[in-house]
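I opened my notebook to look up a few things in this structure. Here is what I was working from.

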Amino acid sequence: SGRLEGKVALISGGASGLGEAQALLYAREGARVMIGDLQEVLGASVVARIRGEGGEAAFTRLDVTELASWQAAVALSVATYGKLTTLVNNAGIFHPGGIIDESPEGWAKMVAVNQTGVFYGMKAGAPELVKAGTGSAIVNISSLYGLIGSPGAISYHASKAAVRVMGKGAALEFVKQGVRVNTIFPGQIRTPILGDITPEQDAAIKASIPMGIVGDPMDVAHASLFLASDEARYITGAELWVDGGWYA
Ligand code: NAD
């Protein structure tokens with residue numbers, strides 16, 4: 001039987017990239033998966049793929065910037081699968097912009113999705129995870145740029161640093177109620193979030209990574225699977241970077 005047998009997971013941003021990989025792997029390991037995303041067509045195709053593999057999944061349109069949208073997604077997860085044990089705050093956006101270039105609107109949008117979205121996810125999901133008790137877990141997806149200093153994307157970096165500290169606080173807030181909270185810090189992983197990059201940019205990225213290769217979404221999914229599973233039952237408030245040695 002799978003490593004997530006009996007779990008019911010709500011994965012934000014599950015229609016693409018790292019969220020898609022986590023949805024596929026979680027379902028392969030026995031979890032029933034609710035994918036929440038703005039992208040309905042892509043989300044439906046991930047659901048179809050999971051069902052084609054014999055797994056259980058459903059899609060709901062979720063805008064992580066709206067608390068009511070999160071509450072509806074949590075309620076649908078419980079109505080569909082009877083409970084919610086696992087929350088993956090994965091949805092996120094990226095745009096570049098240093099302190100001089102970033103606009104107030106760009107800043108506000110970034111904070112709304114990457115920071116407030118994670119707060120609202122935990123706020124809406126935690127009561128059900130507490131109800132489900134021991135075995136429940138939250139996995140938050142930050143970024144290596146939430147740990148290190150770097151120029152050129154002030155709002156992204158700040159929003160991801162906020163995810164880091166919220167996760168540590170949440171771990172302690174819920175530790176007596178059996179809900180573990182851990183954070184993953186991906187380095188450079190091949191997904192649509194970066195948009196089109198030139199071969200020169202690609203070479204520069206690879207040169208900055210000790211392993212010399214960018215990661216695959218499944219590299220993050222396997223780390224997430226472990227943290228969501230009962231194998232990690234003594235791990236909370238932890239920080240796991242998945243980055244080919246970048247942070248080392
Ligand atoms: P992606 O663009 O492929 O996937 C992000 C998903 O989030 C998309 O499906 C998008 O529709 C969804 N989303 C965006 N705004 C949303 C909203 N308001 N409500 C609901 N869903 C929304 O990118 P990805 O690389 O898979 O990113 C997943 C997470 O990993 C993000 O939080 C990102 O910051 C983080 N991350 C990625 C990398 C990387 O190298 N790919 C590195 C570090 C961190």
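**Ligand shell**

I sorted the shell around the ligand by class and got 14 nonpolar, 12 polar and 2 charged residues. For the classes, Ala, Val, Leu, Ile, Met, Phe, Trp, Tyr, Cys and Pro count as nonpolar, Asp, Glu, Lys and Arg as charged, and the others, Gly among them, as polar. This is a predicted model, in which local features need pLDDT of at least 70 and side-chain atom pairs count only at pLDDT 80 or more, while totals for chains, interfaces and linings use all residues. Residues are numbered from 1 along each chain as its sequence is written.

Which residues come nearest to the ligand? Of the 28 around it, they are Gly 13, Gly 17, Gly 92, Thr 191 and Ile 193 (a residue is near a molecule if its C-beta atom, placed from the backbone, lies within 6 Å of it). Helix α1 (residues 17–28) gives the most to this shell, with 3 residues. Helices (H or I, at least four residues) and strands (E, at least two) are DSSP runs, numbered from the N terminus.

**The sheet**

Next I traced the open sheet: it has 7 strands in the order β3-β2-β1-β4-β5-β6-β7, with parallel pairing (two strands pair if DSSP finds at least two bridges between them). The edge strands are β3 (56–61) and β7 (239–242), each pairing on one side only. I looked at β5 (residues 136–141) and β6 (residues 179–186) and found them paired in the parallel sense over 6 bridges. Ser 136 has Val 179 as its bridge partner in β6.

**Helix α1 with α2**

I then checked α1 against helix α2 (residues 40–52): their axes come within 10 Å and cross at roughly 25°. Axes are lines fitted to C-alpha atoms, for helices over the stretch in contact, and angles run from 0 to 180 degrees between N-to-C directions. On α1 the contact uses Glu 20, Ala 23, Leu 24 and Ala 27, and on α2 Val 46, Arg 49 and Ile 50 (contact: C-beta atoms, placed from the backbone, within 7 Å). I sorted these contact residues into 5 nonpolar, no polar and 2 charged.

**Helix α4 with α5**

Last, helix α4 (residues 104–132) and helix α5 (residues 154–173) pack at about 15°, with axes 9 Å apart. That makes α4 roughly parallel to α5.

Technical notes
Two residues are in contact if their C-beta atoms, placed from the backbone, lie within 7 Å. Angles under 35 degrees count as roughly parallel, over 145 as roughly antiparallel, 65 to 115 as roughly perpendicular and the rest as oblique.
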